[in-house]
Amino acid sequence: MRKIADMEEWAAAVLLIAVSLLTLLQVIMRYFFSLPLPWVEEAARYLMIFMIFIASAAALYRKEHLNIEILDFFLSDKNLKVLSIFHQIIVTLFTAVLAYVAYQFVMMQIEIGQKSPALQLPMAAPMSAVFIGAILMMISGIGSIYMIFTAKKGG
């Protein structure tokens with residue numbers, strides 16, 4: 001699971017660099033050459049959406065998402081483990097529902113055949129970021145549940 005999270009982080013980093021370079025290109029073209037490229041902003045937006053969903057999966061695996069840490073001080077190790085398992089199950093179930101709904105939405109976009117304004121990409125492509133991200137988060141959630149179950153006491 002760690003290798004998957006590392007790959008997700010690398011993919012998010014590459015996408016962040018791509019978004020930064022595209023934005024820099026747009027600034028240079030617009031302000032130095034007075035020739036803005038209409039497709040750059042759209043491409044940067046879609047890459048940023050993919051980056052966010054991929055990075056969310058890595059954050060879920062590393063337990064860097066929103067958490068109420070005050071409970072860590074008041075609960076016993078056993079109760080904390082039960083709470084962690086419950087929390088990960090809820091998050092994993094949510095991502096499963098999100099993946100299902102996103103899949104239906106992407107399939108509807110494929111049937112409709114809508115295209116993006118500037119790049120003329122099928123809108124199913126950028127909207128698949130939600131589906132892919134939800135699948136990756138679901139895998140991370142299952143991996144986290146497994147790690148909690150197999151964790152040694154006190155470690």
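Me: Contact means heavy atoms within 4.5 Å, and with that rule in mind, what covers the buried residues of helix 1?

Reply: The cover includes helix 2 and helix 5, where a helix is a DSSP run of H or I with at least four residues, a strand is a run of E with at least two, and both are numbered from the N terminus. The model is a predicted one, in which local features need pLDDT of at least 70 and side-chain atom pairs count only at pLDDT 80 or more, while totals for chains, interfaces and linings use all residues. Residues are numbered from 1 along each chain as its sequence is written, and side-chain values use heavy atoms, with hydrogens and water left out.

Me: Which residues of helix 1 are called buried, and what makes them so?

Reply: They are Ala5, Glu8, Ala12, Leu15, Val19, Leu22, Gln26 and Met29. A residue is called buried when its relative accessible area is under 20%, exposed when it is over 50%, and partly exposed in between, using a 1.4 Å probe and protein chains only. An α-helix has 3.6 residues a turn, so residues three or four places apart point the same way.

Me: How do you know that helix 1 has the length expected of it?

Reply: The expected span is 1.5 Å times one less than the number of residues. Helix 1 has 30 residues and an expected span of 44 Å, and its first and last C-alpha atoms are 43 Å apart, which is close. For helix 2, the 24 residues should span 34 Å and the end C-alpha atoms are 37 Å apart, which agrees. In helix 4, 36 residues should span 52 Å, and the ends are 52 Å apart, so the two values agree.

Me: Why are helix 1 and helix 2 called roughly antiparallel?

Reply: The axes of helix 1 (residues 2–31) and helix 2 (residues 38–61) come within 8 Å and cross at roughly 160°. That angle makes helix 1 roughly antiparallel to helix 2, because angles over 145 degrees count as roughly antiparallel, those under 35 as roughly parallel, those from 65 to 115 as roughly perpendicular, and the rest as oblique. The axes themselves are lines fitted to C-alpha atoms, for helices over the stretch in contact, and the angles run from 0 to 180 degrees between N-to-C directions. The crossing is also left-handed, a word used when the near helix is turned anticlockwise from the far one by less than a right angle, with clockwise giving right-handed.

Me: How do the residues of this contact between helix 1 and helix 2 divide?

Reply: They divide into 22 nonpolar, two polar and five charged. Here Ala, Val, Leu, Ile, Met, Phe, Trp, Tyr, Cys and Pro count as nonpolar, Asp, Glu, Lys and Arg as charged, and the others, Gly among them, as polar.

Me: What makes helix 4 and helix 5 roughly antiparallel?

Reply: Their axes come within 8 Å and cross at roughly 160°, and helix 4 and helix 5 are therefore roughly antiparallel to each other. Helix 4 passes helix 5 in a left-handed crossing, and the residues of this contact divide into 22 nonpolar, eight polar and one charged.

Me: Why is Gln88 called buried?

Reply: Gln88, which lies in helix 4, has a relative accessibility of 2% and so counts as buried. Not counting residues up to four places away in sequence, Gln88 touches Leu60, Lys63, His65, Gly141, Ser144, Ile145 and Ile148. Thr92 is also in helix 4, and at 10% relative accessibility Thr92 counts as buried too. Leaving aside neighbours within four places in sequence, Thr92 is in contact with Met138, Gly141, Ile142 and Ile145.

Me: What makes Ser34 and Gln120 worth a look?

Reply: Most residues other than glycine have a negative phi. Ser34 is not a glycine, but has a positive phi of about 50°, and Gln120, also not a glycine, has a positive phi of about 60°. Ser34 is found in the loop between helix 1 and helix 2, and with a relative accessible area of 62% Ser34 is exposed. Gln120 lies in the loop between helix 4 and helix 5, and with 47% Gln120 is partly exposed.

Terms used:
Contact means heavy atoms within 4.5 Å.
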